[in-house]
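Me: I am new to this structure. Please take a close look at a single part of it and go through that part step by step.

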Amino acid sequence: MQTAAAFNRVAFTAGPLRRHPKPLQLCGAAGRGGPPLMRLRPPRCSASLSVGAGGYGGEHVPVFPRRQSWDPYKLLGVDHDASGEEIRSSRNFLLQQYAGYEESEEAIEDAYDKIIMKSYSHRKKSKINLKSKLKKQVEESPSWVKALLGYFEVPSLEIISRRFVFFGFIAGWSIATSAETGPAFQLALSLISCIYFLNDKMKNLVRASTTGLGVFVSGWIVGSLLVPVIPTFIIPPTWSIELLTSLTAYVFLFLGCTFLK
(Lines give C-alpha, C1' and ligand atoms only; values in the text may rest on other atoms or scores of the structure.)
Protein backbone atom coordinates (compact mmCIF):
# COMPACT_ATOMS: atom_id res chain seq x y z
CA MET A 1 0.00 0.00 0.00
CA GLN A 2 2.80 2.41 0.81
CA THR A 3 4.58 1.47 -2.41
CA ALA A 4 1.44 2.20 -4.49
CA ALA A 5 0.86 5.52 -2.82
CA ALA A 6 4.44 6.55 -3.39
CA PHE A 7 4.12 5.63 -7.12
CA ASN A 8 1.00 7.77 -7.51
CA ARG A 9 2.67 10.80 -5.89
CA VAL A 10 5.60 10.49 -8.34
CA ALA A 11 3.25 10.26 -11.31
CA PHE A 12 1.21 13.26 -10.12
CA THR A 13 4.22 15.49 -9.53
CA ALA A 14 5.77 14.54 -12.88
CA GLY A 15 3.26 16.85 -14.63
CA PRO A 16 0.17 16.28 -16.79
CA LEU A 17 0.17 13.80 -19.62
CA ARG A 18 0.88 15.19 -23.12
CA ARG A 19 -2.31 15.48 -25.18
CA HIS A 20 -2.42 14.60 -28.85
CA PRO A 21 -3.00 17.48 -31.21
CA LYS A 22 -6.23 17.80 -33.13
CA PRO A 23 -6.26 16.13 -36.53
CA LEU A 24 -5.33 18.19 -39.55
CA GLN A 25 -8.35 19.80 -41.22
CA LEU A 26 -8.02 19.91 -45.01
CA CYS A 27 -9.91 22.49 -47.07
CA GLY A 28 -12.83 21.09 -48.89
CA ALA A 29 -12.08 17.45 -47.82
CA ALA A 30 -12.55 15.16 -44.84
CA GLY A 31 -9.16 15.73 -43.21
CA ARG A 32 -9.59 13.40 -40.28
CA GLY A 33 -6.55 11.31 -39.42
CA GLY A 34 -3.80 13.96 -39.65
CA PRO A 35 -0.33 13.56 -38.06
CA PRO A 36 -0.81 12.69 -34.34
CA LEU A 37 2.21 14.57 -32.99
CA MET A 38 2.21 17.69 -35.15
CA ARG A 39 0.07 20.77 -34.74
CA LEU A 40 -0.22 22.48 -38.10
CA ARG A 41 -2.20 25.52 -39.03
CA PRO A 42 -4.82 24.53 -41.56
CA PRO A 43 -4.27 26.17 -44.95
CA ARG A 44 -6.75 28.62 -46.40
CA CYS A 45 -8.97 27.58 -49.28
CA SER A 46 -8.23 29.43 -52.47
CA ALA A 47 -10.22 28.87 -55.65
CA SER A 48 -9.99 30.87 -58.82
CA LEU A 49 -13.19 30.64 -60.82
CA SER A 50 -13.64 31.97 -64.30
CA VAL A 51 -15.66 35.10 -64.64
CA GLY A 52 -17.42 33.81 -67.73
CA ALA A 53 -19.94 31.07 -66.95
CA GLY A 54 -19.32 27.80 -68.70
CA GLY A 55 -15.54 28.19 -68.84
CA TYR A 56 -13.41 25.12 -68.51
CA GLY A 57 -10.00 24.99 -66.81
CA GLY A 58 -10.32 28.50 -65.44
CA GLU A 59 -10.12 30.06 -68.90
CA HIS A 60 -12.48 32.78 -70.07
CA VAL A 61 -14.68 31.45 -72.90
CA PRO A 62 -16.49 33.95 -75.17
CA VAL A 63 -20.27 33.90 -74.96
CA PHE A 64 -22.28 33.63 -78.19
CA PRO A 65 -24.07 36.98 -78.46
CA ARG A 66 -26.97 35.76 -80.67
CA ARG A 67 -27.86 32.67 -78.64
CA GLN A 68 -31.22 34.17 -77.58
CA SER A 69 -32.36 34.95 -81.15
CA TRP A 70 -35.59 33.20 -82.19
CA ASP A 71 -34.70 33.22 -85.91
CA PRO A 72 -32.38 30.26 -86.65
CA TYR A 73 -31.07 31.89 -89.83
CA LYS A 74 -30.20 35.09 -87.99
CA LEU A 75 -28.63 33.07 -85.18
CA LEU A 76 -26.29 31.30 -87.63
CA GLY A 77 -25.70 34.50 -89.59
CA VAL A 78 -26.97 33.20 -92.98
CA ASP A 79 -29.67 34.30 -95.41
CA HIS A 80 -32.97 32.45 -95.79
CA ASP A 81 -31.96 31.36 -99.30
CA ALA A 82 -28.54 30.11 -98.23
CA SER A 83 -27.38 26.76 -99.58
CA GLY A 84 -26.85 23.71 -97.42
CA GLU A 85 -23.09 24.06 -97.72
CA GLU A 86 -23.21 27.66 -96.48
CA ILE A 87 -25.36 26.67 -93.52
CA ARG A 88 -23.04 23.83 -92.53
CA SER A 89 -19.97 26.02 -92.89
CA SER A 90 -21.47 28.73 -90.66
CA ARG A 91 -22.48 26.17 -88.05
CA ASN A 92 -19.02 24.56 -87.95
CA PHE A 93 -17.33 27.96 -87.73
CA LEU A 94 -19.49 29.10 -84.82
CA LEU A 95 -19.04 25.81 -82.96
CA GLN A 96 -15.29 26.15 -83.29
CA GLN A 97 -15.31 29.81 -82.23
CA TYR A 98 -17.53 29.34 -79.17
CA ALA A 99 -16.38 25.86 -78.16
CA GLY A 100 -16.49 25.31 -74.41
CA TYR A 101 -19.64 27.31 -73.64
CA GLU A 102 -22.47 24.83 -73.36
CA GLU A 103 -25.37 27.25 -73.90
CA SER A 104 -23.74 28.65 -77.05
CA GLU A 105 -23.13 25.20 -78.48
CA GLU A 106 -26.71 24.13 -77.78
CA ALA A 107 -28.12 27.29 -79.38
CA ILE A 108 -26.01 26.79 -82.53
CA GLU A 109 -26.95 23.10 -82.83
CA ASP A 110 -30.65 23.82 -82.26
CA ALA A 111 -30.66 26.52 -84.95
CA TYR A 112 -28.98 24.19 -87.43
CA ASP A 113 -31.48 21.39 -86.69
CA LYS A 114 -34.42 23.77 -87.13
CA ILE A 115 -33.18 24.90 -90.55
CA ILE A 116 -32.60 21.32 -91.72
CA MET A 117 -36.05 20.18 -90.57
CA LYS A 118 -37.69 23.21 -92.16
CA SER A 119 -35.93 22.53 -95.46
CA TYR A 120 -36.96 18.85 -95.36
CA SER A 121 -40.57 19.71 -94.63
CA HIS A 122 -40.60 22.25 -97.46
CA ARG A 123 -39.26 19.73 -99.98
CA LYS A 124 -41.72 17.09 -98.84
CA LYS A 125 -44.62 19.53 -99.00
CA SER A 126 -43.60 20.70 -102.49
CA LYS A 127 -43.41 17.10 -103.69
CA ILE A 128 -46.85 16.34 -102.31
CA ASN A 129 -48.26 19.51 -103.87
CA LEU A 130 -46.76 18.58 -107.26
CA LYS A 131 -48.37 15.15 -107.17
CA SER A 132 -51.68 16.67 -106.12
CA LYS A 133 -51.56 19.21 -108.95
CA LEU A 134 -50.75 16.55 -111.55
CA LYS A 135 -53.52 14.32 -110.25
CA LYS A 136 -55.96 17.21 -110.32
CA GLN A 137 -55.01 18.13 -113.89
CA VAL A 138 -55.50 14.54 -115.02
CA GLU A 139 -58.91 14.41 -113.38
CA GLU A 140 -59.94 17.68 -115.06
CA SER A 141 -58.62 16.66 -118.49
CA PRO A 142 -60.92 15.45 -121.32
CA SER A 143 -61.99 11.82 -121.48
CA TRP A 144 -59.73 10.98 -124.42
CA VAL A 145 -56.71 12.26 -122.51
CA LYS A 146 -57.64 10.10 -119.53
CA ALA A 147 -58.01 7.09 -121.82
CA LEU A 148 -54.61 7.78 -123.39
CA LEU A 149 -52.90 8.22 -120.04
CA GLY A 150 -54.44 4.95 -118.92
CA TYR A 151 -51.98 3.10 -121.17
CA PHE A 152 -48.96 4.50 -119.34
CA GLU A 153 -47.45 3.99 -115.91
CA VAL A 154 -44.40 5.28 -114.02
CA PRO A 155 -42.31 2.38 -112.66
CA SER A 156 -39.73 2.58 -109.93
CA LEU A 157 -36.49 4.47 -110.43
CA GLU A 158 -34.54 1.22 -110.32
CA ILE A 159 -36.43 -0.21 -113.30
CA ILE A 160 -36.06 3.02 -115.27
CA SER A 161 -32.30 3.15 -114.65
CA ARG A 162 -31.80 -0.50 -115.60
CA ARG A 163 -33.68 -0.13 -118.88
CA PHE A 164 -31.83 3.08 -119.65
CA VAL A 165 -28.45 1.43 -119.09
CA PHE A 166 -29.43 -1.54 -121.24
CA PHE A 167 -30.58 0.45 -124.27
CA GLY A 168 -27.73 2.90 -123.79
CA PHE A 169 -25.32 -0.02 -124.06
CA ILE A 170 -26.95 -1.17 -127.28
CA ALA A 171 -26.76 2.37 -128.69
CA GLY A 172 -23.07 2.64 -127.79
CA TRP A 173 -22.44 -0.77 -129.31
CA SER A 174 -24.10 0.33 -132.55
CA ILE A 175 -22.02 3.53 -132.67
CA ALA A 176 -18.79 1.64 -132.01
CA THR A 177 -19.40 -0.87 -134.82
CA SER A 178 -21.10 1.47 -137.30
CA ALA A 179 -17.98 1.74 -139.48
CA GLU A 180 -17.73 -2.04 -139.88
CA THR A 181 -21.29 -3.39 -139.98
CA GLY A 182 -24.79 -2.00 -139.76
CA PRO A 183 -26.87 -2.06 -136.57
CA ALA A 184 -29.13 -4.88 -137.79
CA PHE A 185 -28.17 -7.29 -135.02
CA GLN A 186 -28.46 -4.60 -132.34
CA LEU A 187 -31.90 -3.62 -133.64
CA ALA A 188 -33.12 -7.22 -133.47
CA LEU A 189 -31.73 -7.60 -129.95
CA SER A 190 -33.39 -4.41 -128.76
CA LEU A 191 -36.75 -5.42 -130.27
CA ILE A 192 -36.65 -8.87 -128.63
CA SER A 193 -35.70 -7.28 -125.31
CA CYS A 194 -38.56 -4.79 -125.54
CA ILE A 195 -41.04 -7.62 -126.18
CA TYR A 196 -39.64 -9.55 -123.22
CA PHE A 197 -40.02 -6.57 -120.88
CA LEU A 198 -43.56 -5.89 -122.09
CA ASN A 199 -44.57 -9.54 -121.68
CA ASP A 200 -43.29 -9.43 -118.11
CA LYS A 201 -45.88 -6.73 -117.37
CA MET A 202 -48.75 -7.74 -119.70
CA LYS A 203 -48.51 -11.50 -119.18
CA ASN A 204 -49.63 -11.88 -122.80
CA LEU A 205 -47.01 -12.73 -125.42
CA VAL A 206 -49.20 -11.85 -128.40
CA ARG A 207 -50.09 -8.46 -127.03
CA ALA A 208 -46.50 -7.80 -125.96
CA SER A 209 -45.18 -8.76 -129.40
CA THR A 210 -47.71 -6.57 -131.19
CA THR A 211 -47.01 -3.61 -128.90
CA GLY A 212 -43.22 -3.98 -129.18
CA LEU A 213 -43.35 -4.24 -132.97
CA GLY A 214 -45.62 -1.21 -133.18
CA VAL A 215 -43.23 0.82 -130.98
CA PHE A 216 -40.29 -0.24 -133.16
CA VAL A 217 -42.02 0.72 -136.40
CA SER A 218 -43.11 4.07 -134.95
CA GLY A 219 -39.55 4.85 -133.86
CA TRP A 220 -38.15 3.88 -137.25
CA ILE A 221 -40.64 6.07 -139.11
CA VAL A 222 -40.03 9.07 -136.86
CA GLY A 223 -36.27 8.57 -137.23
CA SER A 224 -36.55 8.41 -141.02
CA LEU A 225 -38.44 11.71 -141.05
CA LEU A 226 -36.34 13.42 -138.42
CA VAL A 227 -32.80 12.53 -139.53
CA PRO A 228 -32.84 14.42 -142.86
CA VAL A 229 -33.88 17.59 -141.01
CA ILE A 230 -30.92 17.49 -138.60
CA PRO A 231 -28.11 19.87 -139.70
CA THR A 232 -25.15 17.93 -141.02
CA PHE A 233 -22.53 19.98 -139.11
CA ILE A 234 -23.71 18.57 -135.75
CA ILE A 235 -23.57 14.95 -136.95
CA PRO A 236 -20.23 13.11 -136.96
CA PRO A 237 -19.21 12.19 -140.51
CA THR A 238 -18.94 8.48 -139.67
CA TRP A 239 -22.58 8.28 -138.60
CA SER A 240 -24.82 7.03 -141.36
CA ILE A 241 -28.54 7.69 -141.81
CA GLU A 242 -29.25 4.08 -140.86
CA LEU A 243 -27.38 4.52 -137.57
CA LEU A 244 -29.22 7.72 -136.69
CA THR A 245 -32.57 6.09 -137.46
CA SER A 246 -31.61 3.13 -135.29
CA LEU A 247 -30.75 5.45 -132.39
CA THR A 248 -34.22 7.00 -132.65
CA ALA A 249 -35.76 3.52 -132.62
CA TYR A 250 -33.79 2.66 -129.47
CA VAL A 251 -35.31 5.68 -127.74
CA PHE A 252 -38.84 4.60 -128.68
CA LEU A 253 -38.20 1.02 -127.57
CA PHE A 254 -36.85 2.21 -124.23
CA LEU A 255 -39.86 4.45 -123.62
CA GLY A 256 -42.30 1.77 -124.77
CA CYS A 257 -41.06 -1.14 -122.65
CA THR A 258 -40.58 1.11 -119.60
CA PHE A 259 -43.72 3.27 -119.44
CA LEU A 260 -46.38 1.33 -121.36
CA LYS A 261 -48.73 -0.83 -119.30
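Reply: Glu-158 has a relative accessibility of 46%, so it counts as partly exposed (buried is under 20% relative accessible area, exposed is over 50%, and partly exposed lies in between, with a 1.4 Å probe and protein chains only). The model is predicted, so local features need pLDDT of at least 70 and side-chain atom pairs count only at pLDDT 80 or more, while totals for chains, interfaces and linings use all residues. Residues are numbered from 1 along each chain as its sequence is written, and side-chain values use heavy atoms, with hydrogens and water left out.

The partner of Glu-158 is Arg-162: their side chains meet in a salt bridge, N to O at 2.6 Å (a side-chain nitrogen of Lys or Arg within 4 Å of a carboxyl oxygen of Asp or Glu). Both residues lie in helix 6, four residues apart, or about one turn of the helix (helices are DSSP runs of H or I with at least four residues, numbered from the N terminus). Arg-162 is exposed, at 55% relative accessibility.

Side chains of opposite charge can pair when their charged atoms come close. A search of the whole structure finds five salt bridges. Another of them joins Glu-153 and Lys-201, at 3.6 Å from N to O. This pair links distant parts of the chain, 48 residues apart: Glu-153 is in the loop between helix 5 (143-149) and helix 6 (157-176), and Lys-201 is in helix 7. Glu-153 is partly exposed at 31%, and Lys-201 is partly exposed at 28%.

Lys-203 and Asp-200 also form a salt bridge, at 3.8 Å from N to O. Lys-203 is exposed at 65%, whereas Asp-200 is partly exposed at 44%.

Helix 7 also packs against a neighbour. Helix 7 (residues 184-202) and helix 8 (residues 205-226) pack at an angle of about 135°, with their axes 8 Å apart (axes are lines fitted to C-alpha atoms over the stretch in contact, and angles run from 0 to 180 degrees between N-to-C directions). That makes helix 7 oblique to helix 8, because angles under 35 degrees count as roughly parallel, over 145 as roughly antiparallel, 65 to 115 as roughly perpendicular and the rest as oblique.

Where the two helices meet (heavy atoms within 4.5 Å), helix 7 contributes residues including Leu-187, Leu-191 and Met-202, and helix 8 contributes residues including Leu-205, Arg-207 and Trp-220. The residues of this contact divide into eleven nonpolar, four polar and one charged (Ala, Val, Leu, Ile, Met, Phe, Trp, Tyr, Cys and Pro count as nonpolar, Asp, Glu, Lys and Arg as charged, and the others, Gly among them, as polar).
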